[in-house]
Amino acid sequence: DVKVTQSSRYLVKRTGEKVFLECVQDMDHENMFWYRQDPGLGLRLIYFSYDVKMKEKGDIPEGYSVSREKKERFSLILESASTNQTSMYLCASSFTTGGSNEKLFFGSGTQLSVL
Amino acid sequence: DQQVKQNSPSLSVQEGRISILNCDYTNSMFDYFLWYKKYPAEGPTFLISISSIKDKNEDGRFTVFLNKSAKHLSLHIVPSQPGDSAVYFCAASVTGTASKLTFGTGTRLQVTL
């Protein structure tokens, strides 16, 4: 089974802190993603990466950056946390098949509270 | 701009009856559609998908229907079971974009005894 592991289940940080959310997958997937889930807004894509050291902005990249130094690890960085970044953060990965049957495998999520 | 919409935030169905969850999309480039199921404190898990070359895909109790002209898809669960109680997300993508999915806002399904 594919395993996507997020380092923390719950995290509480203060406004202005630099926050690192870590994600590791064990299936040699090329693609990795960071989403946030908010009530009434569904899942929104923050950043994604198709390969090591590559990154692309998603729909809501403002206030975030990412790092992918190794294929299995994708980090989300909040440079200066703000209260509107309180959310459930979900990491996902997928294998590129080139066809239309690619699906995402998600981690369990990190509930981040910024006070 | 919400390209994938789930207009019903919640749905309550009796055990054994049919659950129908609906999803509408606006981007005509979408050609691959998926449903994910999410329990509290867990990540979403893949449920079923359909390509735009089909209008129906079935997997056990779950069937997804696609109406391309109406830009509408629906998920049918028959018969509904208490373990189906979860939040269901519809998602869409364009082939070749390496699983960059656009999600809907979710529908919370409660299956009552």
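User: Hi! Before we start, what counts as a strand here?
Analyst: Hi! A strand is a DSSP run of type E with at least two residues, numbered from the N terminus. Keep in mind that this is a predicted model.

User: Nice. Let's switch to chain B. What is the strand order in its open sheet?
Analyst: In chain B, the open sheet of five strands has the order 1-3-8-7-6, and the pairing is antiparallel. Strand 1 (4–5) and strand 6 of chain B are the edge strands, each pairing on one side only.

User: What holds paired strands together, in general?
Analyst: Strands of a sheet pair through backbone hydrogen bonds, either parallel or antiparallel.

User: How many bridges join strand 6 to strand 7 in chain B?
Analyst: Four bridges join them, with strand 6 covering residues 56–59 and strand 7 covering residues 62–67 of chain B. These two strands run antiparallel. You can find B:K56 with its bridge partner B:F65 in strand 7, and B:E58 opposite B:T63 in that strand.

User: What about the hairpin they make: which residue takes a positive phi?
Analyst: That is B:G60, with a phi near 65°. The hairpin has two residues between strand 6 and strand 7 of chain B.

User: New topic! How many residues does each chain bring to the contact?
Analyst: Chain A brings 24 residues and chain B brings 21 residues. Together the two chains bury about 1900 Å², with 58% of it on carbon and sulfur atoms.

User: How many residue pairs are in polar contact across the interface of chain B and chain A?
Analyst: Three residue pairs, both residues at pLDDT 80 or more.

User: Which strand of chain B gives the largest share of the side that touches chain A?
Analyst: Strand 4 of chain B does, with four residues. Strand 4 (32–38) and strand 5 (45–51) of chain B each supply at least two residues there.

User: And how do the residues on that side of chain B divide?
Analyst: On the side of chain B that touches chain A, there are 10 nonpolar, eight polar and three charged residues.

Conventions
Residues are numbered from 1 along each chain as its sequence is written. Chains are lettered from A and ligands numbered from 1 in the order in which they are written. This is a predicted model: local features need pLDDT of at least 70, side-chain atom pairs count only at pLDDT 80 or more; totals for chains, interfaces and linings use all residues. Side-chain values use heavy atoms; hydrogens and water are left out. Contact means heavy atoms within 4.5 Å. Buried area is the accessible area (1.4 Å probe) that two parts lose on being put together, summed over both. A polar contact is a pair of N or O atoms within 3.5 Å; within protein, one must be able to donate a hydrogen and the other to accept it, and residues adjacent in sequence count only if both atoms are side-chain atoms. Ala, Val, Leu, Ile, Met, Phe, Trp, Tyr, Cys and Pro count as nonpolar, Asp, Glu, Lys and Arg as charged, and the others, Gly among them, as polar. Two strands pair if DSSP finds at least two bridges between them.
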